[in-house]
2 protein chains.
Amino acid sequence: MKIVRSIRRMQILCREIASKGRKIGLVPTMGFLHEGHLSLIGRAGRLSDFVITSIFVNPTQFSADEDLAGYPRDEKKDIRDIETAGGHIVFIPKTSAIYPEDYQTFVTVEKITESLEGAFRPTHFRGVTTIVTKLFNITRPDVAVFGMKDYQQAMVIKKMIRDLDYPVRLVIAPTVREKDGLAMSSRNSYFTPAQRKEAVCLYRALETARTMVIKDGVGNVAVLQRKMKNVIKSICPTAEIDYIAFTEFETLRPVQKVSRKHVCSLAVRVHGVRLIDNMKML
Amino acid sequence: MKIVRSIRRMQILCREIASKGRKIGLVPTMGFLHEGHLSLIGRAGRLSDFVITSIFVNPTQFSADEDLAGYPRDEKKDIRDIETAGGHIVFIPKTSAIYPEDYQTFVTVEKITESLEGAFRPTHFRGVTTIVTKLFNITRPDVAVFGMKDYQQAMVIKKMIRDLDYPVRLVIAPTVREKDGLAMSSRNSYFTPAQRKEAVCLYRALETARTMVIKDGVGNVAVLQRKMKNVIKSICPTAEIDYIAFTEFETLRPVQKVSRKHVCSLAVRVHGVRLIDNMKML
């Protein structure tokens with residue numbers, strides 16, 4: 001497996017791979033990989049000949065009050081895990097090369113970024129679409145794999161690909177969960193064991209909503225939100241809920257009456273750690 | 001010569017060309033071509049194996065009060081001229097394909113777009129960088145040729161290429177002028193013969209400034225501006241000057257003391273037609 005740190009070298013390598021008619025798969029990550037990430041690498045491997053996993057903690061998608069400085073990192077372990085998962089190249093660019101001193105170009109997707117995460121993290125998606133544009137231009141992937149855990153992010157990238165005419169196939173892989181249902185996330189490492197137990201509240205609330213929708217035919221958003229809030233508070237009394245939303249899958253438009261076509265997304269601060277999760281009401 | 005109107009077909013064609021190891025040259029235009037455009041095609045032909053000329057009157061770079069609806073068009077003549085100039089493909093996408101109904105993604109270059117044209121046309125460069133991004137993603141050129149007449153535009157694209165890591169070589173070709181010095185522009189077609197004569201005022205003002213800088217060693221911006229204003233008004237008494245600016249070539253930063261390293265740019269409304277021009281003080 002190759003480890004590439006230079007943007008220029010990565011571009012040359014990708015041109016060589018493409019010139020041989022081999023398909024490139026891209027898995028963009030911020031490192032500190034868990035099984036969720038590794039499942040994306042596995043998926044990319046089945047859809048392409050050459051899997052590039054990027055590791056880059058992207059400063060432009062963090063706001064000043066967020067956890068950029070403390071974001072967990074373990075490059076050595078990541079490299080070992082990527083190799084085990086079948087990756088071919090790890091791309092680890094320097095921040096100063098990705099965003100040189102006079103950097104001034106940004107990619108913005110409008111409407112679809114305004115709700116949910118976008119409402120709570122106003123510059124977040126601009127940072128995401130900008131770094132993904134750069135990674136697309138550097139690696140020119142045939143396929144890019146993103147996780148369903150970051151559902152809105154995946155939909156924003158999908159819209160960007162379509163709007164900017166990127167010849168990239170977007171694949172969204174299912175969320176990988178811990179045994180108790182907690183969605184895997186690098187940020188789960190912030191918890192003490194006691195706090196970690198309470199982090200299951202998001203999953204439990206989603207499962208409760210799903211049961212209400214598909215078993216009991218409940219479609220009223222307010223009823224579902226109230227019940228979910230109770231579930232969350234009963235597991236983690238100090239939880240702070242940013243949002244509980246029911247939306248159309250592709251457009252992220254909020255729905256009036258929830259059915260099996262819809263997705264529930266939520267963001268909750270559990271002992272100071274902001275977690276997100278989502279579930280199709282299927 | 002091929003005429004391609006479908007984005008998808010253009011992408012497939014470009015992949016085929018690239019897979020044979022042949023270099024692609026791109027010349028983005030808004031059509032109604034003049035000798036300036038044709039010189040760009042010639043230049044692209046010397047730097048690549050396959051020249052794609054796009055014709056697209058890009059609505060996102062016009063503001064509501066500008067001349068989008070009346071912008072001159074002559075597709076048949078353009079196609080003949082491109083073939084004569086040595087073009088291989090003409091790409092003429094539909095507006096509804098480039099900007100479908102729910103279009104919502106834009107590319108923005110900050111600082112460098114704030115002065116000169118950007119100050120007078122606030123959404124102009126966002127439109128330019130967005131369409132060029134799309135054309136880059138559709139055609140994946142090795143080289144793209146832009147004209148020096150739109151000097152700030154060329155510098156904005158250069159910054160975008162660098163910031164977004166496009167593996168594209170930008171070439172800026174010299175402004176082609178009419179016999180009297182007027183920079184060629186599709187918008188010159190708006191003039192009556194009498195108005196057309198007065199349109200030379202921009203060129204004359206630039207030549208006056210250049211002589212003052214290189215012959216008389218005048219470096220004072222206010223002195224140069226005052227003299228240029230007089231030259232313009234003496235040729236076209238009804239002219240309205242948007243700006244006369246002296247800047248550093250790459251950064252577009254305004255300069256205090258003008259020397260041979262600098263560029264003079266100006267925008268003037270001549271009988272209701274907004275013209276721009278520029279000249280290095282060499």
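Figure 1. The model is predicted.

**Figure 2. Overall fold of chain A.** Chain A contains 10 helices and 10 strands. Its radius of gyration is 19 Å, close to the 19 Å from the globule rule for 282 residues, so chain A is as compact as a globular protein of that length. Along the principal axes, the C-alpha atoms of chain A fill a box of roughly 55 × 40 × 40 Å. Of the 282 residues in chain A, 56% are buried. Among contacts in chain A with a separation of 6 or more, 73% are between residues 24 or more positions apart.

**Figure 3. The ring pair of F62(A) and Y71(A).** Over all chains, the whole structure holds 14 aromatic pairs. In the pair of F62(A) and Y71(A), the ring centres are 5.8 Å apart and the planes stand at 80°; the pair is therefore edge-to-face, since an angle over 60 degrees counts as such. F62(A) has a relative accessible area of 7% and is buried. Y71(A) is also buried, at 8% relative accessibility.

**Figure 4. The ring pair of Y103(B) and F106(B).** A pair of aromatic rings is described by the distance of the centres and the angle of the planes. For Y103(B) and F106(B), the centres are 5.6 Å apart and the planes are at 80°, so this pair is edge-to-face. Y103(B) and F106(B) are both buried.

**Figure 5. An aromatic cluster in chain A.** Four residues, F56(A), Y99(A), Y103(A) and F106(A), are linked into a cluster by ring pairs.

Figure 6. H271(B) sits in the loop of chain B that runs between strand 9 (262–270) and strand 10 (273–280). With a relative accessible area of 33%, H271(B) is partly exposed, because this value falls between the 20% limit for buried and the 50% limit for exposed. Apart from neighbours within four places in sequence, H271(B) is in contact with Q195(B), E198(B), C236(B) and T238(B). One of these residues, T238(B), is 33 residues from H271(B) along the chain, and the C-alpha atoms of the two are separated by 7.1 Å.

Technical notes
Residues numbered from 1 in each chain as written. Chains lettered and ligands numbered in written order. Predicted model: local features only at pLDDT ≥ 70, side-chain atom pairs only at ≥ 80, totals over all residues. Heavy atoms only, no water. Helix = DSSP H or I, 4+ residues; strand = E, 2+ residues; numbered from the N terminus. Rg over C-alpha atoms; globule rule 2.2 N^0.38 Å. Buried < 20%, exposed > 50% of the residue type's maximum accessible area, 1.4 Å probe, protein only. Contact = heavy atoms within 4.5 Å. Phe/Tyr/Trp six-rings, centres within 6.5 Å; stacked < 30°, edge-to-face > 60°.
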